[in-house]
Amino acid sequence: MLESLWNELWGFIYKYFWEPMFTRSGYNPVNTLVYALLLGFGVIYSYKYIIKPLRIKVDERLFLAVTPMVIFGSTVRALVDGGVLPKNPLILTPGIFFTAFVLILPALAADAKMGTYPKITTAWGALLALWANYLLVINAKSWEPYGLTLIHTAVSFAAVFAFYRWRPFDRLYLYPVLAHYFDIASTVVAIHFYGYREVHWLENILVNHLGAYSYYPWITLILVVVYYGLKYLVPDEEERRFWYLAIYILGLGPAIRDPAQLVLQIGG
């Protein structure tokens, strides 16, 4: 009885969580919901039990301090897909998020306790990011995808900054907005120019019907809804800004990963 129950449970976990990590079959409604819940609880409890006790102010310094670690994690993820690093749950999605979190946490604590914030956090992340990008550079096959991504990014950034002249949202929300427009650019390039498949189940339906460039209005709509949703659902400004940080990381991660994957997999 117990063995049968375990086999059914493992079969469920394997189908919806384990196999998609290794086969790149993508997200499905089940793991999307679970990962969204884990993200929500992670943000809430990280802020309550880590950021607040360490008295770390959620501002531009924190965004910049965590950026190198995001670059490290995203590049490592691409190195796995490029065959440079072996497949391991700790460096596949979503495991790489937990790995990066575990790596950055001691640096944040040390910075807070020693009064050096954000120097240790930034330096530690930068060291790891340099190592990962060294592996990327020596294994790169073509830099064309980065060029196309940067062109798309520059155009969308210009539009965002032009719109921001009217101050339609908090300044700190610029970080997640720009990160996600960078992500849109990398996704559009991967799908439209190189024939990659969208791994998120809902966006895959959208792309199949309307094309890769439909990402721009779709993600813009999501960013607007999220901003006003957080504005009314999270009254505490510091906590709301920590949610901005989470959204920033969710955008910057794939924005770095996607062109890095193409650089490793496209022949020159």
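How close do the axes of helix α7 and helix α10 come, and at what angle do they cross?

1. Basis. This is a predicted model, in which local features need pLDDT of at least 70 and side-chain atom pairs count only at pLDDT 80 or more, while totals for chains, interfaces and linings use all residues. Residues are numbered from 1 along each chain as its sequence is written, and side-chain values use heavy atoms, without hydrogens and water.

2. Helix pair. The axes of α7 (residues 174-194) and α10 (residues 237-265) come within 8 Å and cross at roughly 30°; axes are lines fitted to C-alpha atoms over the stretch in contact, with angles from 0 to 180 degrees between N-to-C directions. Helices are DSSP runs (H or I, at least four residues), numbered from the N terminus. The two helices are therefore roughly parallel (an angle under 35 degrees).

3. Helix contact. Contact means heavy atoms within 4.5 Å. On α7 the contributors include Y175, P176 and F182, and on α10 they include Y244, Y248 and L262.

4. Core. The largest nonpolar core has 69 residues, of which L62, F63, Y173 and F242 touch the most other members. Such a core is a set of buried Ala, Val, Leu, Ile, Met, Phe, Trp, Tyr and Cys residues joined through side-chain atoms within 4.5 Å; buried means under 20% relative accessible area (1.4 Å probe, protein chains only). The largest share, 13 residues, comes from α10.

5. F63. Beyond its neighbours within four places in sequence, F63 is in contact with residues including Y175, P176, Y244 and Y248.

6. S156. This residue lies in helix α6 and counts as buried, at 5% relative accessibility. Leaving aside neighbours within four places in sequence, S156 contacts Y181 and Y216.

How values were computed
Parallel < 35°, antiparallel > 145°, perpendicular 65-115°, else oblique. Buried < 20%, exposed > 50% of the residue type's maximum accessible area, 1.4 Å probe, protein only.
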